[in-house]
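Biologist: Before we talk about labels, please show me what we are looking at. I would like to know what stands behind each term.

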Amino acid sequence: MTEPDVSPRFAADRTLGRLAKWLRLLGADVLRDDRLTAAQLLHRARADGRIMLTRDKRIRTAPDVVYLASHDFREQLREVLARYRFDPCRRAFTRCAVCNGELRIVGRDALRRRVPPFVYASNETFAVCDGCGRVYWNATHPERMRREIAALAAAPTADEGDGGLARSSVKG
Ligand SMILES: [Zn+2]
């Protein structure tokens, strides 16, 4: 169990893409490499001091692996959050959902030509990925994140979309 204000570090196998994306949005450092098998990724995770998340039954009995039985990413997310508590409101939008790069908060003046005018007008600050350049908005609203998480936890059978978070990003 990690401290509440420390973001745990994970590795997620290639069947857990959506879970990895959500964990990153919540501030967790999640390694993914679709070229690696689960066993290869576990090797990498160990070398890197990461917690391995997997749906691969072949490695489920390893003591340092978290095996997720559910196919549903919400169920998977609930299980991981229950086990490794970190404050999503505090850590949210510190990691890029796509490439796991670190996000930097910038004032909107830097992005005037990169985001739609209505987005520019309604946000004072943005988060920009140092890895891939992706721009996130609604990134500095912990209340919004709290609602997203609450909705996710409460509605396991809601639509299959990624909620408002997915719409908060645009390619840079
Ligand atoms: Zn990125």
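Modeller: Buried means under 20% relative accessible area, and exposed means over 50%. The model is a predicted one. In helix H2, residues 38-48, the residues Ala38, Leu41, Leu42 and Ala45 are buried.

Biologist: How do you know that the buried residues of H2 line one face of the helix?

Modeller: Seen down the axis of H2, the buried residues fall within an arc of 105°, so they share one face. In general, an α-helix has 3.6 residues a turn, so residues three or four places apart point the same way. His43 and Ala47 are exposed, on the face of H2 turned away from its buried side.

Biologist: What covers the buried residues of H2?

Modeller: The cover includes strands E1 (9-12), E2 (29-31), E3 (51-54) and E4 (65-67).

Biologist: What makes Cys96, Cys99, Cys129 and Cys132 donors of the zinc ion?

Modeller: A donor is an N, O or S atom within 2.8 Å of the metal. The SG atoms of these four cysteines lie 2.3 to 2.4 Å from the zinc ion, so they count as donors.

Biologist: Why is the site of the zinc ion called tetrahedral?

Modeller: Four donors count as tetrahedral if all angles lie between 85 and 135 degrees. The angles among the four donor atoms here are 97 to 117°, and the site is therefore tetrahedral.

Biologist: Why is Cys129 called buried, and why is Cys132 called partly exposed?

Modeller: Cys129 has a relative accessible area of 2%, under the 20% cut-off, so Cys129 is buried. Cys132 has 38%, between the 20% and 50% cut-offs, and therefore counts as partly exposed.

Technical notes. Residues are numbered from 1 along each chain as its sequence is written. This is a predicted model: local features need pLDDT of at least 70, side-chain atom pairs count only at pLDDT 80 or more; totals for chains, interfaces and linings use all residues. Side-chain values use heavy atoms; hydrogens and water are left out. Donors are N, O and S atoms within 2.8 Å of the metal (3.2 Å for Na, K and Ca); water is not among the atoms, so sites may look incomplete. Four donors count as tetrahedral if all angles lie between 85 and 135 degrees; four count as square planar and six as octahedral if opposite donors are over 155 degrees apart and all others between 65 and 115; anything else is irregular. Buried means under 20% relative accessible area, exposed over 50%, partly exposed in between (1.4 Å probe, protein chains only). Helices (H or I, at least four residues) and strands (E, at least two) are DSSP runs, numbered from the N terminus. The arc is that of the directions from the helix axis to the C-beta atoms. Contact means heavy atoms within 4.5 Å.
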